[in-house]
Every structure is written in structure tokens, then in C-alpha cells.
Amino acid sequence: MAQGDTAAALPQEVRSPDAPAPYRTCQDHMFPPATPDWNNLKVLHRNTLPPRAHFFLYGSRDDALSRDVSRSKSQLLSGQWLFHLSKSPLVGPTDFHQHTPSELASKHGWAGQTIRVPGMWQLQGYGRGPQYTNINFPFPVDPPRVPIDDNECGRYATAFTLGPQDRDHQLRLRFEGVDSAFTVWVNHREVGYSQGSRNPSEFDVTPFVRCPGVNYVHVEVYQRCDGSYIEDQDQWWLSGIFRDVWLHKFPATHFEDIHVQTVLDDDYRDATLLVEVKINSDANVTLSLLDADGSAIANQTRAAKKGSVRFELRVKNPHKWTAETPYLYQLVLSMPGCALAERVGFRRVELLDGVFSVNGKPVKLRGVNRHEHHPDYGRAVPYDFLKADLIQMKQHNINAIRTSHYINDPRLYELADELGLWILDECDLECHGLFVVGGNGTAFTSDNPEWEEAYLDRARQMVMRDFNRPCVILWSLGNESGYGRNHHAMYKFIKSLDKSRLIHYEGDWNAQSADILSRMYHSVGDTEAYAKDRNWDKPLVLCEYVHAMGNGPGAIKEYIDLFYRYPRLMGGFVWEWANHGLRAKTKDGREYMAYGGDFGDEPNDYNFVMDGLCLSNHTPGPGLIEYKKAIEPVQTLGVEKGDKVRIVNRYDFVTLDHLECWWSIVSDNANITPYQRVAIPKGVRPHTEALLHIPGLDYHRSADSHLNLKFVLAGATAWCEAGHIIATGEIQLTRPASLQLQRRIAGRQPQRLLVEMNNDSLLSITSSDGPSWKFDLARGALVSWQRPSPDPGRLSAPNILSEPLLFDIYRAQTDNDRGCDFGRNWRDRRLHQAKQHLIQSSWQTHDNGVVQVTVKSRIAPPVLNWALEITATYYFLDDAVAIRAHAKPTGNLLPRAWGRLGLVTAIKGCDQVRWFGRGPGEGYRDRKLSQLVGRWELPVDELVTDYEFPQENGNRTDVRWVEFLTSPSPAGGDKKRPAPQPQRLLRARYGDFEGASFSVLPYSAADLEAAQHPYELHDRRRSDRVVHLDWMHHGLGTGSCGPETLPQYTLDAWKEYDLEVLLD
């Protein structure tokens, strides 16, 4: 039944001829009596004002230039509002708008029921709680209808006061964002209705207010509406007034809208500034253009008639706006009693021979997808948190944001203008869930003409609001909504408003209604194939790639190298910026970040919402550190002619003159050259190479020497202090010593060791003044390692091994393992159940006193036939154990790869670790370049990465040696005396073996896999430390949503391996 129809307009019921006549005439009663606005596709808005640019009006030019909204002609209504929640809009206090807020509090039981605006009601103790789905709709799919009886309804009430000075103003009530739809009343009279959760809605409430006087606002917010079918983004389903509410007070004569466009000439030197202003009545309008220092560039005054007035200014060689040079001019429009200020960036976006270019220069997008998220407030993100996000992006070399998948808080764009970030601005549109219900998903909405206006409305709202922002260089038609006629209508509509920008839409694979090609989660190989295509006229962007879920992503550099190798590739946007965990507490008060299912929400998509470069509190994760390295704008290429280092400038617009370079030498023998400054040649143009001259570089020839470079800011910027590291470089200058050489120089010729059989299988080996060991021949494992006791009264210290030293081939699965075939294959092949089983062991003593133990064993699971056969030889020296092993796979149904190949044990008393290799942070074979080679030392607890979903973590890679240390207490327990130096419990040396790694965790792999939240893992925390000494470790990949581990980083299970390590 259409809006406004009555039951009498419906077809009459036909009565059977032999049916008894009714006793009286009956009238049909319908419930609801008419289709609600929120279920009526024909009603998107009622009584809203036309969309406009985001701006504030001021009473004077000076106030406008201050950009201080507290001095603007507006009143912020955000704050604490009264609130009531019902299960449906059709139940509960449907007449609440007839009562004042004080009456609702005193007579209707609303006292104490308040809510923070902006905010989401599920995060303030109301309703069923948050719900997370990636694709699926959490309600029965029947577009455009949503369930009437299962649609939470939040009812808000507040008051505001107007003074005499507000007379003769047009009063506009503006909601910057309400999820998902709402009706508003002012002073008990219905004003209108609007939907489009992340789009603004503005109402002229002048006829409804008392001025001067107290005025009442009532808002009824619907959890779901027909628009929910095209708001199916991968995020939490949350509801409420989640952005600010403003009362704008436009003077009797005022500006209604403004469109600003900059047009650069074909030399990209001079510009024309086009300004179109909409006014509500005749007036003399003055336009002033000021530079960043406030000096006047141009002034014009025009007598304007009601409607619009157009200004056209020629500007000689203005500073150009780019993400690297975000120079902003101030534009001021004024007339008596009314002024507004807008910032202007001169730039031109286009395709040049198919290459994405700004201001005539090719640009590479080093971007991220960013959802609006806060761990406590959901999508109601405070300004300071938002600003911190963007500053952190700049500090990590990110230059672009895709506003996935809706227009963001308007303040984000203002910050992006200031700080310098390219923006791909995306419509609030996604209907992914329509493609999993069977049939033709596109036919439901995207290719359905009845939905055309709903689609156009999303495009209109985006372009009209954000048109003036120089940071916006691309419009996007939405995300994951198939492709249909309504997308083409959006494309045509946007082009009719704005021909200065390009249009993006990934769902349009053939770019029929897009100016660029877009793909998500393409492999490196597929991306390169597009790049090599000889016949192309549109560039390619990866709108989502290197899915950053959990411990990952791996193999970022391979994509970045492609971007700079091929002109067709524009770059890409990592999915995504941050985890979406919501802060929660266990029953006993322990805090954690919750994901799908943690609130009893069904259906849910579990922890797929935890897929960001940052943790849920937006602190950097290891993935962000690696991404910063991969996209750094200065790359170190290599050493030439002994003392020259070749670098390349990967900025798009600026030279390297704003940077300083410092160099240092680090080596295995601890001879470290302090950092010294080296001059960077002046004027190194973008995308060109240069040579740094480092005198004497060719004389640093100690074993395993590495040149480390760091490029830092020479001066402070708007987003960082001077000295901030922009890029690092590392070049290996000399090879490491081999393990055989280390064994020869490790110490004196072994003396004869004392060997005893404690029982039938336990071999005891003791050196005269070194450690003693016990080897269990029945298990084929070293089970005891005792060092000489520092206490003269004791012969030896306790056994440092709390678990036998065994071979290991499994790691706790990461999100990227579980999401791809490797993880499924490991489960199917029972890799997690594989254990070391003895075949045979033997021992002998050599003439030089060395004791040799040889063990043949199989690492194999139950049920299946495959195994990794290990032949390991242990050489017991005077104070060390050298282990050599050969690993050979056998049997049927081998796994595709091993998780790791190494040794595992547990050590007691270890509280500090020192190593030479990559560090100080976590690293894996395909995610390690951000960690430079050096000598590092950390407490054991700092070697753990506490992922918000427990998984494999804490690995340090490319290690030459590692020492596990214990810190003795001060002698006599005197805490005032200096603490003694840490003592070595155990050291592992790998020599020149490439790719060795270690981890030290208070958890086993089984512990990590059993826990689903950090607090569950913490309950399993051990007092000893599980130590992994790996020769090789399988790469991470991005298989949670994208390509699995690349072949070059795969630890193939079908190969044979020769291994060696020296323990002392």
C-alpha cells in the first residue's frame, strides 16, 4: 500500500454466494495504516533542503577567517539527550513528540534515560548490542522492506534556546549523520524525514521555532530502513545520531551554496579560479583571495541578483596543492552581515596518455581504506581521534585514503587538505548481501530502475557536500554492488556536476561507467599482467589489497615495486587501516577488544572485523610498520664503486632537500660505527636516482657488516617534529662467518667428556668445567642442560630445559593461514597433530673426546602415512653442542608446506634475550624489511605481539645468533647494589645460514590455537618460556582475503633440507 492510500482504496473482498450475510457492515482496519517512510522506496526525504557544500556562515569577514565554529552563526546541539528505545517504531511511546523533555522525564519514565549525541545507542547500553557481518544482512532479505516487528527505534528529545538576536534568520537544523533513517519534530510539529546514514540532512525549521524562547526537538531514529539494503558495508551494525547536530542561523540575506573549481593551464603554471555562489536575495558580494600568510591576491565585488553569481579570477603561477605540498589559499565571500571562508588548493586531475596524473605529474597512491571506527564510540569518532589517525598516516608515509565505503565526517577532508592526503571519496553504497541469497543479485537494486533515485541520491549528497575539497581527486560510486543501470546513471549525473575529477567503481570491471580500472585482492602476477597489456587507455588501481588481518600482511614490497615499474599502475589502498574491535570486559573485569559473536550477535562473521594495520585502539601494528617501509619515498638501491650508495627519490612532486641522511655500520663482532651525516645531493627530482658519497665505506670489512641509512625530516612539519624517520636503507657489505669457522674458533680442543648411562636410555654427558647434559635415547631428545653453578657450594645450576629439545614443523595458524588453502591443508593433513617419533638412536665417543649421538626419527601425525624423516647428529663438545640434521619427506598426502622447520624446547629462568639479526620488532620471511639488522636486546615480555585474536607471533628473523639470558638478583638480596650483568643460559648460532629465526613466548602453539581472545590466552601463561629455534619459517601471505603465501616464501614440504646449529 502506497504512502497516503487508505484501506478503502484496496480491492473489495468478494463474498461467496452461499455465505451468510454479515450482521453489520465491517470496515477493514490496516496495521500499519500506511507504508512507513522507512519501508517506502518512494520516500527518501521529506521536507529536506537541497544538498549543499559543507560550510559555516559568520557575521563578519574576520570571524570567517578565524575558522572557529564557535564564532560562527550556528549552535551546536550535540550533548546529552533524553532517550527511549523500543523494539519497533510501531510500539512504545509513539506520541513522545507531543511531550516536552521535562514531561517525558517527570511523567513518562524517561528520567535518567540519557544518551550521548553523537553516539551509537548499542554502545551506550541500549538495545540488543552491536552486530557484525561482513556480507550477510542480519534480517530477512525482502527489498525494499525491512521487518516491521524487528526494527529497533530510538526516540530522542532535547531543547534549545533562541535569543532576540536570532530573529530574522533562516534556521536550519542539520544532522551530519544518522543511522539509518529518522523523523524529526520541532515544538511538537513534524518537520520531515530523511535517510542515508552517512549523508547529511538539513531542514528549514524557521516556521516551527519560537524566537526568542525555548524550543523542543524530538527525533525518532529507525535501526533499519529500505536504505539499509544499500548500506551493507563490512562493519558493525550500529544505530543512532552518530555525527553532530547543528542549528545554522543564516541571516536574512545569505549564501546558500558555493562551488569552487581551479583550472590550471596546459603548462600547469597559471590558473583560473571559478567560484559559483548561490544567494537567496539581491546583494553586493565581495570575493577575496588570500595566500597562506593572509596577503591579498585578488579582490572582486559584484552586484548579484537572487539566484547565483559567478566569479572568475586569473591567478599567476599559484602554489600548487598536492599531497606533498598542501598549500592552501583562503577564499572569503562577504556581504553585509554574512561571510564565509573556504580554503582553495590549485590542482588539476587527469589522465595523460592513460597515466593517472595531478598537475601534469604521474602520481602513485600509497593508500589505505579507512572505516570510521573508535573502540568505545563506534562510528561516532571524536575529532582528536580522527586527527590522530591522519597524522599517524602521514608519519607512516601514507599519502591516500579511500573513504570505505561512505563519505566520512566532513572534518576528515579539511584535515586532509591541511596535512596533504589524496582522497578517493566513496558514496554510501554497498549491497553485497544481495549476492548471496540466490538469483541475480544485481536485479534487486543496482539494475532495478525503481532504485535509480536512491542511487542518485547517494551520488548527489557526496558531490554536493565535498565538491570544494582539493584533497578529493576521485569520486567512487560505492562498493561491492555488482554493476547495473543505476551505476551508469550515477556516473552521468556526477559528470554533469563535475568534469574535473575521475570516477572510480570496482564493480564495473570493464570501466563502462568509470574512468579507471579497479581490482581488489589481485595477485602480484595478475596485477603485472594488467600492467604489461600493450593496449590500454585507462590506468589500474588496487582499491583493496594486502589484506592486513592479524599477523600480516606478507609480500607488500612486491606490489609496490610493480607500481613504480609500470606507468599504468596507480597504486593501491591496503585493506584496511585499523581493526574494528569494540572495548568490552569479561565478567571479572578484564578488558579486551570484542569482535563478531562476542555480543551474542547472530549471524556474525566472527573476527573478520579485525583486519587492520593498526590495533583497535589505532596504535600501529607490525603490519603498519612494514607498510611504512615498503612505501617509503626514498629507496636505497645498492653500493657502487666502493664508497657510493645509489638511492632513488620516489616522491611525486618534491626533491629530497627537506631530508637529512645519516649512516652507520653495524656488524656481528659488535664494532658499530656511530651515525654520521652524509650530504644528499641538492635538487634530486622525483622518480630519479642519485649517489651518496660515504668516504671510507669500502674499508669497513669485518664479518657480516651492514650499512644502515636513515632519512629524517630536517625540519618540523604540520604532522611531525624534525628528526622523524621517513625512510631507512640497509646494504650488506660483507658475508658472515660460516658455522664451521665459528666452531674452529669457539674455544680450545675438546677435553674428554665423562659419559654415563643413568639407566637403559638416559645418557649423561659431563664436561670438566663446562655444562652437563642428559640425552634420552628412547625419545631421541636432549632433555637436560645444566651450566656450571656460579655458587661455589653447588656443583651445577638447575636444568634450564623444562621440556625436551625436539624438532618441530608446525606453527599456530595465523588469520592468513586459516583463510587460505595452506591452513585448511594443514588441518586436513593433521600437521598440528604431528609429533617426533624415534626410529633409532646411537652414541659413540671419538678419539678427540667429542661425544656423538645420532638419532633417526619421524615427525608424523596419527591416521596418515606421511612423515618428515629426520637424521640428526649431536656433537657434544667441551662447552657446546653442534647439531646437524637432514630432513627428508616421505609417504602419501604430504602437506603443501611446513609451518616451520626447527627446534622447540622450553627454558626456565629466561628474562632477557640478545641477538644479532633483524629487529627489534617482529619479522617473517615476507614481512621483515622494516626490521634492520643489528645487535638487539629486549626483555622476554617485549618479544610477544599480543594480537587481538591469538595466533602465531613474536618471530625474529634473519638471525645469526641469539642468547637467552637470566638476570641474577643482587648479592645478598641488597636491592640498592647495582644489578649484576645478565648471564647466558643458552646461545644458538647459525653461522651463514640464511633466514634463521627464533621466538620466545610464554605460550605453546596449542595454547595460541586454543584461545580466541587475549584474556583466554593470558590464563594459559606459563612461568617458563617456549623457545623456537627455526632454520626456516613459512611466509605470512595475505590469504585471509587475497593471495596466499607467494612461492618464494613458501616452506615447501616436498623438499629435502640440510640443517646446522651450534648451541652453547
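1. Let's start with burial: 61% of the 1064 residues in this protein are buried. Here buried means under 20% relative accessible area, exposed means over 50%, and partly exposed is in between, using a 1.4 Å probe and protein chains only.

2. Keep in mind that this is a predicted model, where local features need pLDDT of at least 70, side-chain atom pairs count only at pLDDT 80 or more, and totals for chains, interfaces and linings use all residues. Residues are numbered from 1 along each chain as its sequence is written, and side-chain values use heavy atoms, with hydrogens and water left out.

3. How confident is the predictor? The average pLDDT (its confidence in each residue, from 0 to 100) is 94 for the protein, and 95% of the residues score at least 70. Be careful with residues 1–24, though, where pLDDT stays under 50. Where pLDDT is low, the predicted coordinates should not be read in detail.

4. Now the fold. The C-alpha trace spans about 110 × 85 × 65 Å along its principal axes.

5. Have a look at Asp 409, in the loop between strand E27 (400–402) and helix H4 (410–419). Asp 409 counts as buried because its relative accessibility is 9%. Beyond its neighbours within four places in sequence, Asp 409 has contacts (heavy atoms within 4.5 Å) with Arg 243, Glu 372, Val 381, Leu 386 and Arg 465.

Conventions:
pLDDT is the predictor's confidence in each residue, from 0 to 100. Helices (H or I, at least four residues) and strands (E, at least two) are DSSP runs, numbered from the N terminus.
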